[in-house]
Amino acid sequence: MPSGQQARAQAAAITPGRQAPVTEAAPAERVRALFGSHRLSPGQRRIAQYMIDHLTEAAFLSITDLAERVGVSQPSVTRFATSLGYSGFPALREALQPIALSAVAGVQETREQIRRNELQAAVDAEIENLESLRRVFADTDQVLDVGRELARSVPLTVLGLRISVSLAEYFAYAARRIHPDVRLVTRGGTVAFDALLQSREAGGSWVLAYAMPRHANETLAALRVARGTGLRVALITDLTLGPLVDEADVTLTAGTGSRLVFDSYAAPAVLSAAVLQAMADADPERTQARLEGYEQVADQQDFFIED
């Protein structure tokens, strides 16, 4: 009898090919919308969150006072304002003051309400990312093609550096259940270069690379080395793209959540699971045999708690 994981692999095989009522947004929501439409660094998000939490006060502070209260430098505040499209902090402050005055005139949100709503907004943004990915999956040909190519590459190298390590580790951990030789690379520099060269010399043809923002120069260097050795590159990255795409043979994109201090990766994780499913579909007999073997070992070693 197939295990639950085996059944899921079979049942989920890929086959080819709310709108809320319009109301006047609360002042804090208007500010969140202003900040949320731009990609901000972690430091800039601290400034944005302080201004949301203290809107009626922050909109009238000098740049010196705001920088001191947030704990950043004055140039950081200036860069924050210009990243939003303003000529400087005075222009941003001028845009925020009418919103702050409307908050004073109406019923002001408490800090707890603002924080709760910000978390809800982050979830809403991830839902939008997943909806976008769902529309991309209307045509499954690209994912199926990538899955077939990765399944044929023995060994298969999975590369993820810095913030992308967790996604690469997840993919490699799962891929080892269905692929005979998966090699994970999570360190850059000569360590990555050596691993990529060894993979190619061992007969590998593809490397799956993750690049989440902020994109690291060492990731770009590793992709160039991979291409130089003759490996082909499948890249999973966010929607901002950039020079990394020029080094990839195929690029799969998914939006990342950027409403909180650190990015969240719901859509890239689902995209990764879809590529794993495509690999399983590419060689169902090998997938079945390896999953059965894993389950037998797991049962013998009591890897899991009984349900």
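User: What volume does the largest cavity have?

Analyst: Rolling a probe the size of a water molecule over the atoms shows where empty space is left. A cavity is a set of points, on a 1 Å grid over the protein atoms alone, where a 1.4 Å probe fits but cannot get out; its volume is the space filled by probe spheres set on the points, which are joined across faces, edges and corners. Here the largest cavity has a volume of about 50 Å³. The model is predicted: local features need pLDDT of at least 70 and side-chain atom pairs count only at pLDDT 80 or more, while totals for chains, interfaces and linings use all residues. Numbering runs from 1 along each chain as its sequence is written, and side-chain values use heavy atoms, with hydrogens and water left out.

User: Which residues line the largest cavity?

Analyst: Lining residues have an atom within 4 Å of a point. The lining consists of L161, R162, I163, S164, Y210, A211, M212, R214, H215, A216 and T219. They divide into six nonpolar, three polar and two charged (Ala, Val, Leu, Ile, Met, Phe, Trp, Tyr, Cys and Pro are nonpolar, Asp, Glu, Lys and Arg charged, and the others, Gly among them, polar).

User: Where do R162 and R214 lie in the chain, and what marks their backbone?

Analyst: Helices (H or I, at least four residues) and strands (E, at least two) are DSSP runs numbered from the N terminus. R162 is in the loop between β1 and α10, and its phi is near 55°, a positive value in a residue other than glycine. R214, in the loop between β3 (206-211) and α12 (217-229), is joined to P213 by a cis peptide bond with omega about 0°. Another cis peptide bond, also with omega about 0°, joins V154 and P155.

User: How is α10 oriented against α13, parallel or perpendicular?

Analyst: Axes are lines fitted to C-alpha atoms, for helices over the stretch in contact, and angles run from 0 to 180 degrees between N-to-C directions. Angles under 35 degrees count as roughly parallel, over 145 as roughly antiparallel, 65 to 115 as roughly perpendicular and the rest as oblique. The axes of α10 (165-175) and α13 (266-282) come within 10 Å and cross at roughly 25°, so the two helices are roughly parallel. Across their contact (heavy atoms within 4.5 Å), α10 residues including L167 and F171 meet α13 residues including A269 and L276. The contact residues divide into eleven nonpolar, one polar and no charged.

Conventions
1 Å grid on protein atoms, 1.4 Å probe; cavity = no way out; pocket = protein on both sides within 12 Å on 5 of 7 lines; lining within 4 Å.
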